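This report covers ring pairs first, then strands and helices. Please keep the model open while reading.

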Amino acid sequence: MSADSGLAEAASVLRTGGLVAFPTETVYGLGANALDARAAARIFEAKARPSFDPLITHLADAADLEPLVGPVPAAVAALAARFWPGPLTLIVDRPAAIPPIVTSGLDTMAVRVPDNDHARRLIAAAGVPVAAPSANRFGQLSPTRAEHVVRGLGAAVDVVLDGGPTRCGIESTIVDARGERPVVLRLGALPVEELEKVTGPVTIRPGSSGQPVAPGTLAAHYAPRTPLRLLAVDEAVAAGSPPGAGVARGYLAFRDRPADGWAAVEVLSAAGDLTEAAARLFDALHRLDAAGVTEIVAEPVPETGVGRAVNDRLRRAAATWQPAG
């Protein structure tokens, strides 16, 4: 339903323990009342998400942070003041009001204020903080349109609010700024360069194959159903079909279309704009995944700005790829 006309109904569903998929500036989230352990458990069930992968708690306004969690370190407060609302998730100590299932038993909590009017109005109308990972099956492509949510989760969601395509197209950047030097736990839509203008140098921690310390940090994640191979920097692939019958490959290009022979091609930004490339990434991968190809070959983008996050998603999507034969 429309994010405007359905807001009151969706807020009621959240208050009564239901699941609502809603747009943010990053990707669509699958929301539940973060104060309700049973509601949060429904998120894990709907997504087939392992219980060890924590959720992000969403607030309507930055002013709601301290009433929920109490005083926060000065660096956390400074980042919230500068980048909220926006695609930045901050790590804070878990307050007693948030049940442990939301944080997967961790004594920390990931929290943010989304830069999307529909999302903030929904959270404010519900009157509760909203736990919300991306609204997709665990490990699969994140949704940037309402139809991606419907296709992936179907009847597992009580209400899907359609706010159109998301603006950023990739998830938020996650930062733990409680220590002396901020640590980027997940690259995302807020570039590291922008963070460092406020914090100074940061440490970037790679993804993990074990217990995640923050949402969306597993080494293999964000993957299409179709196997995806990520090219090395400056690696060229001349044609789409290698020797062998019945092979149909798709190609994900940064800015230039490849040579002929590919069954399906998606170009992230003909202008070479990294912000546009990030916004189009998951949408393009959804289309390639639906094109009936046997493999997707993807180009990396320049490793700067939000391009770091795009490459991060592509590396995670390709983590389980194995060469044929």
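By the rule used here, the count comes to 2 aromatic pairs. Rings of Phe, Tyr and Trp (its six-membered ring) pair if their centres lie within 6.5 Å; planes under 30 degrees apart count as stacked, over 60 as edge-to-face and the rest as tilted.

| Pair | Centre to centre | Angle between planes | Class |
|---|---|---|---|
| Tyr222 and Phe282 | 6.0 Å | 40° | tilted |
| Tyr251 and Trp262 | 4.7 Å | 55° | tilted |

Tyr222 lies in the loop between β10 (203–204) and β11, while Phe282 is in helix α8, so their pair ties together parts that are 60 residues apart in sequence. Both Tyr222 and Phe282 are buried. Buried means under 20% relative accessible area, exposed over 50%, partly exposed in between (1.4 Å probe, protein chains only). Arg313 lies over the face of Tyr222, at 4.8 Å from the ring centre. The rule for such a charge: NZ of Lys or CZ of Arg within 6 Å of the ring centre and within 35 degrees of the ring normal.

Tyr251 sits in strand β12 and Trp262 in the loop between β12 and β13, 11 residues apart. Tyr251 counts as buried at 4% relative accessibility. Trp262 counts as buried at 11%.

The model is predicted: local features need pLDDT of at least 70, side-chain atom pairs count only at pLDDT 80 or more, and totals for chains, interfaces and linings use all residues. Residues are numbered from 1 along each chain as its sequence is written, and side-chain values use heavy atoms, with hydrogens and water left out.

Now the sheet. Helices (H or I, at least four residues) and strands (E, at least two) are DSSP runs, numbered from the N terminus. Two strands pair if DSSP finds at least two bridges between them. An open sheet of 4 strands has the order β11-β14-β12-β13, with parallel pairing. β11 (228–230) and β13 (264–267) each have a single partner strand, so one side of each lacks a neighbour in the sheet. Between β12 (residues 249–253) and β14 (residues 295–298) there are 4 bridges. Gly250 stands opposite Ile296 in β14.

Two helices lie across this sheet's strands. Helix α8 (residues 274–289) lies across β11, β12, β13 and β14, at about 175° to β13. Helix α9 (residues 307–317) lies across β11, β12 and β14, at about 130° to β11. Contact means heavy atoms within 4.5 Å. Axes are lines fitted to C-alpha atoms, for helices over the stretch in contact, and angles run from 0 to 180 degrees between N-to-C directions.
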